[in-house]
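Please open the structure in a viewer and keep the selection panel at hand.

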Amino acid sequence: MAFKELLQKELSGKIPKERLELLPSGYQQIENITIIKLKPELQKFKKEIAKKIMEIFPYVKTVMQIKQINGKFRQPKIEFLLGAKNFLVNYRENNCIFQFDVRKIMWSKGNRSERERIAKLPAEGEIIMDFFAGIGYWTVPILKAGKAKKVIAFEHNPEAVKWLKKNLELNKIKPEKYEIIPGETEKETMKFPKASADRILMGLIPAPKFALGAALHCIKNNGIIHYEGTAVEGKPEELFKDVQEACEKAKCKADLLNAQIVKDYAPKIVHYTLDIKILK
Ligand SMILES: C[S@@+](CC[C@H](N)C(=O)[O-])C[C@H]1O[C@@H](n2cnc3c(N)ncnc32)[C@H](O)[C@@H]1O
């Protein structure tokens, strides 16, 4: 039975009938922590709902609710509802371990296949720039795969930088294999000489159009940019236009090699990563 139906069945009689319809259909599970999003009409019943989740799923030790993802650092606003007050997770994926505080860091399970794909790229001997490194979602698996020469990771959120450092250490990545640059990527990257990177990862939603000038400054001739964003399913060219326009300004050319669907984003809208070769 689906999550929502199960909750509706178990909470019937405890929550007014018309509000049962408003129960969430999905949830985020990170280790034994369940994170739900509740509509305003259900706030009065939040503890009741959390209690029921812990009863239905005995492996759930903590229930929290996400209220919104805010501000420049897209920090989640997470409220503890019930269970153990243990917010530190050691999430294992793709032969890597990621440690972070669920109250302060966002984790998208839906991006898992993309993290795996990026880690398997033919990156032998490459200098890679991870423009929006977060806690090491891509930097860690790429370095763990062992092909890249070096990853230069940019990140402006000090909380994410703290976990990025920690995760590189936890995954036993040698310090000479990476450089962490705190601050605004679009400014920090411009301090690097032209054509410093073989490959650039631009993993940010909405599409980081604002950093395309910097990416074209840093990328080598024949280098690859992985540009993320959303577009109507089957129409990645809408997103590719951003790169073509930036290339026109920078007097270079873009060749779309592959449009990878990462996950559904909204009705008929998908999250894409475009693999783009830049010819200078
Ligand atoms: C959500 S993460 C990337 C997720 C990743 N692509 C994945 O597969 O899960 C994006 C990161 O970019 C950082 N960020 C956003 N804008 C930035 C900027 N202008 N300069 C530096 N970091 C930035 C955010 O703080 C966040 O940690």
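**Before starting**

This is a predicted model, in which local features need pLDDT of at least 70 and side-chain atom pairs count only at pLDDT 80 or more, while totals for chains, interfaces and linings use all residues. Residues are numbered from 1 along each chain as its sequence is written, and side-chain values use heavy atoms, with hydrogens and water left out.

**Stop 1: the whole chain**

Display the chain as a cartoon. Its secondary structure comprises nine helices and 13 strands; helices (H or I, at least four residues) and strands (E, at least two) are DSSP runs, numbered from the N terminus. Along the principal axes, the C-alpha atoms fill a box of roughly 65 × 40 × 30 Å. The radius of gyration of the chain is 21 Å, which agrees with the value near 19 Å that a compact globule of 280 residues would have. That radius is taken over C-alpha atoms, and the globule rule is 2.2 Å times the number of residues to the power 0.38.

Next, colour the chain by accessibility. Of the 280 residues, 49% count as buried, where buried means under 20% relative accessible area, exposed over 50%, and partly exposed in between (1.4 Å probe, protein chains only). The chain exposes about 13800 Å², of which carbon and sulfur atoms supply 52%; accessible areas come from the Shrake-Rupley method with a 1.4 Å probe, and for residues only the protein chains shown count as cover. Contact means heavy atoms within 4.5 Å. Among contacts between residues at least 6 apart in sequence, 61% join residues at least 24 apart.

**Stop 2: the ligand**

Select the ligand and the residues around it. Which residues come nearest to the ligand? Of the 17 around it, these are Arg-115, Glu-155, His-156, Thr-185 and Glu-186; a residue is near a molecule or strand if one of its heavy atoms lies within 4 Å of it. By class, this shell has five nonpolar, seven polar and five charged residues. Here Ala, Val, Leu, Ile, Met, Phe, Trp, Tyr, Cys and Pro count as nonpolar, Asp, Glu, Lys and Arg as charged, and the others, Gly among them, as polar.

Now inspect individual atom pairs. An N or O atom in the side chain of Glu-155 is 2.6 Å from an oxygen atom of the ligand, and for the side chain of Asn-111 the corresponding distance to a ligand oxygen is 3.3 Å. At Thr-185, a backbone N or O atom lies 3.0 Å from a nitrogen atom of the ligand. On its own the ligand has 610 Å² of accessible area, and the protein covers 89% of that.

**Stop 3: helix H4**

Select residues 112-119, which form helix H4; its buried residues are Glu-114, Arg-115, Arg-117, Ile-118 and Ala-119. The cover over these buried residues includes strand E5 (88-93), helix H5 (139-145) and strand E11 (219-232).

**Stop 4**

Select His-226, which is in strand E11. Is His-226 buried or exposed? It is buried, with a relative accessible area of 0%. Its contacts include Arg-117 and Ile-118, both of them among the buried residues of H4.

The side chains of Arg-199 and His-226 are joined by a polar contact of 2.9 Å. A polar contact is a pair of N or O atoms within 3.5 Å; within protein, one must be able to donate a hydrogen and the other to accept it, and residues adjacent in sequence count only if both atoms are side-chain atoms.

**Stop 5: Ile-127**

Between Ile-127 and Lys-61, 66 residues apart in sequence, the C-alpha distance is 42 Å.

**Stop 6: Gln-29**

Move to Gln-29 in strand E1 (residues 28-30). Gln-29 is buried, with a relative accessible area of 13%. A polar atom of its side chain lies 2.9 Å from the backbone oxygen of Glu-31.

**Stop 7: helix H1**

Finally, select helix H1 (residues 3-11), where Phe-3, Leu-6, Leu-7, Gln-8 and Leu-11 are buried. These buried residues pack against helix H2 (17-20), strand E2 (33-36) and helix H3 (46-56). After H1 comes Gly-13, with a positive phi near 95°.

Technical notes: Lists of a residue's contacts leave out its neighbours within four places in sequence.
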